[in-house]
Amino acid sequence: MANTKSDIQTEVENVRVFIRVRPLTKKEEDEGRQNILLIDSKENLIALNKDGINPKPFKFDQVFSENSTQINLYRVIAVPIVEKALQGYNGTIFAYGQTGTGKTYTMVGNYTKPDLKGIIPNTFSHIFSQISRASGENSFVVTVTYLEIYNEEVRDLLSTDPNKKLAIRERPDVGVYVKDLMGFTVDSIESITELLNRGNKNRVTRSTLMNDVSSRSHAIFTITIESRNTSSNKTTVGKLNLVDLAGSERASRTQATGERLREASNINLSLSVLGNVISALVDGKSTHIPYRNSKLTRLLQDSLGGNSKTAMVAMVSSADIDYEESMCTLRYAARVKHIQNHARINVEHGGLIEGFEQEIAELQEKIHLLSVQEQKQPVTKKKKERSSSQARADEIRKCEEELQKTEKEKNELMQKISMIQKKILVGGENLFEKAQHQAFLIESSGVEIETLDKNHQQLEETLNKKGQERIDVEEKYSSLQEEDAGLTKKIKKVQSYLNEVKEEYADKEHEYQREMEALLDNNRLLVRETQLACLMIDSYIPKEYLKKIDSNLIWNSETQEYQMRGVAYTGNNMRKRQSTHPEFFTPIHFEMKAVYHKYPEKKRERKIMYEKRSFSAVPKAR
């Protein structure tokens with residue numbers, strides 16, 4: 001993405017952090033769980049009151065209570081970022097929190113009901129609404145990608161093969177990108193919603209003890225908005241990342257085993273790396289930021305400390321049983337709000353719009369040439385009329401075939417032009433006629449009030465920060481008593497700050513110990529499963545077969561794993577792939593004679609006697 005220095009407008013601002021509280025579920029109410037959250041909506045403070053002893057408050061950009069609505073959440077969090085993305089800035093909104101706290105509900109929601117739409121569906125309405133209000137001098141192209149990170153593997157949710165692993169690459173002109181990731185151009189809310197539906201069907205979800213529909217992968221829905229102004233001939237590209245992170249979870253509570261345990265371990269590991277990146281950015285002393293330690297942080301590199309306007313929605317549970325997880329989430333969010341981003345407008349030369357316009361011009365030139373050929377056809381027909389009747393009939397038939405062929409080519413070219421023109425959305429057109437129910441519920445006055453409140457809050461925080469830095473400023477005293485009183489006041493102030501730092505250090509130490517315990521729990525379970533697998537391999541697979549497997553193993557540097565040579569031509573891989581959805585599955589019936597469905601009586605008796613014998617699961621010593 002090329003930027004000219006004269007057009008770059010850099011804006012430095014901190015990541016905006018918001019808290020959303022999930023109400024008690026029916027199951028928690030039946031178990032008699034208590035609400036332990038204390039919320040001050042005016043001051044945007046939240047605290048956990050489990051023991052009732054001086055709960056520590058956390059301050060954020062805004063705290064949304066259990067009664068908050070989806071549209072109110074969108075107005076405060078998403079509207080400023082989407083508006084900036086339309087102007088050519090990069091933007092990111094991501095939901096973070098413990099499993100089962102409502103991250104997917106906040107980001108996606110139920111888009112069949114207007115009141116329950118999440119941030120992503122409301123973004124669709126917002127973008128196309130703003131395009132329809134733009135002046136006729138502006139043209140837009142909107143493209144969409146949708147990927148997930150499952151077990152540290154990047155997958156394309158919009159691909160015909162969503163299980164295919166994709167590689168992450170980096171180029172100086174583009175930055176970090178995913179190789180072979182499919183992008184789709186959209187021109188209406190229906191088309192973009194259809195892509196969201198397709199991707200959600202391919203996303204990995206499973207049932208756990210803490211959540212019936214638990215997301216087992218991190219999902220990133222990216223909308224790229226290219227805008228071109230015909231009067232200034234300036235093209236800007238804004239990229240909007242909408243991220244639904246998988247929830248952190250403890251194996252002791254979910255009691256996950258096997259594949260789910262492996263999924264939970266990878267989720268917790270990637271979130272731990274995300275925490276390390278945040279700590280390194282906030283600390284400011286680290287020369288190396290560990291973005292490359294995880295696929296998630298690599299893809300969110302610009303969103304954290306880079307070229308992006310970023311907002312985080314931290315989800316917390318109000319139940320007392322989730323005290324540890326909620327406290328960890330609040331501490332995590334409190335660190336994130338200190339990250340500084342440097343966002344700028346992305347100006348591009350020779351974008352998609354210019355390419356589409358050139359393609360349209362080439363197709364129109366071909367249509368013009370075909371029209372000229374059509375005009376020459378009648379002249380040729382008149383010359384042939386003087387020949388014999390049979391020859392005349394043949395020539396007429398050939399001319400008609402040529403005319404039909406030319407007409408068909410013209411229609412195909414016109415269809416191509418129409419398809420390309422649909423991809424370019426011109427500002428000022430009534431896009432709402434293309435799709436019904438695209439009305440958007442955002443009032444500009446409400447947004448302005450929110451902006452003023454935010455500015456007021458930032459000014460208060462700046463004044464408090466400056467007040468803390470003025471401890472060592474020299475003061476003039478008229479007497480020794482005044483000096484003594486002033487010094488005593490300073491000592492008390494410093495002592496209070498020291499106590500706050502000690503509390504913060506103790507909180508971080510507790511959080512570190514908790515993360516270490518969770519990782520050790522996962523590690524113990526994984527070691528146990530590995531030992532069981534090794535026991536089965538040593539006991540039941542002959543050594544000559546193990547040698548054959550070892551000799552055919554090769555290391556794949558792109559996927560970072562070992563693969564078997566020639567495995568694509570064996571077993572189930574050779575069978576025709578069938579859809580995983582039951583409505584598309586058609587069972588295969590084999591034509592077999594009835595004799596093959598029976599056992600001879602003697603053999604059947606022998607088989608029953610054999611099955612009644614007892615066996616030991618302990619492998620015999622060799």
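Predicted model: local features only at pLDDT ≥ 70, side-chain atom pairs only at ≥ 80, totals over all residues.
The largest cavity holds about 40 Å³ of space.

**Stop 1: the cavity lining.** Select Ile149, Asn151, Glu152, Arg216, His218, Glu263, Asn266, Ile267 and Ser270; these residues line the largest cavity. Colour them by class and the lining splits into two nonpolar, four polar and three charged residues. Which helix gives the most to this lining? Select residues 258–283, which form helix H7; four lining residues come from H7.

Stop 2: His288 counts as exposed because its relative accessibility is 57%, and exposed means over 50%.

**Stop 3: Ser231.** Select strand S16 (218–229) and strand S17 (234–244), then Ser231 in the loop between them. Is Ser231 buried or exposed? Ser231 counts as exposed, because its relative accessibility is 54% and the cut-off is over 50%. Next show Glu137, which is 94 residues away from Ser231 along the chain; the C-alpha atoms of this pair are separated by 6.6 Å.

**Stop 4: two loop residues with positive phi.** Go to Asp180, in the loop between strand S12 (175–178) and strand S13 (184–186). The phi angle of Asp180 is near 70°, a positive value in a residue other than glycine. Such a value deserves a look, because most residues other than glycine have a negative phi. Then select Asn44, in the loop that joins strand S3 (37–40) to strand S4 (45–48). Asn44 also carries a positive phi, near 60°, and is a residue other than glycine.

Asn44 has 8% relative accessibility, so Asn44 counts as buried, the cut-off being under 20%.

**Stop 5: Glu28.** Move to helix H1 (residues 26–30) and select Glu28. Why does Glu28, a residue of this helix, count as buried? Its relative accessibility is 10%, and buried means under 20%, so Glu28 falls in that class. Show the side chain of Glu28 and the backbone of Thr25: a polar atom of that side chain lies 3.0 Å from the backbone nitrogen of Thr25. To see what else touches Glu28, leave out residues up to four places away in sequence and display Arg22, Pro23, Arg33, Ser317, Ala319 and Asp322.

**Last stop: the whole chain.** Clear the selection and zoom out. Cartoon view shows 15 helices and 23 strands. Of the 622 residues, 37% count as buried. The accessible surface comes to about 38100 Å², and carbon and sulfur atoms account for 51% of that area. If contacts are drawn between residues at least 6 apart in sequence, 72% of them join residues at least 24 apart.

Notes. Residues numbered from 1 in each chain as written. Heavy atoms only, no water. Buried < 20%, exposed > 50% of the residue type's maximum accessible area, 1.4 Å probe, protein only. Contact = heavy atoms within 4.5 Å. Areas by Shrake-Rupley, 256 points an atom, 1.4 Å probe, with all protein chains shown as cover. 1 Å grid on protein atoms, 1.4 Å probe; cavity = no way out; pocket = protein on both sides within 12 Å on 5 of 7 lines; lining within 4 Å. Points joined across faces, edges and corners; volume = space filled by probe spheres on them. Nonpolar A, V, L, I, M, F, W, Y, C, P; charged D, E, K, R; others polar. Polar contact = N/O pair within 3.5 Å; in protein donor to acceptor, adjacent residues only side chain to side chain.
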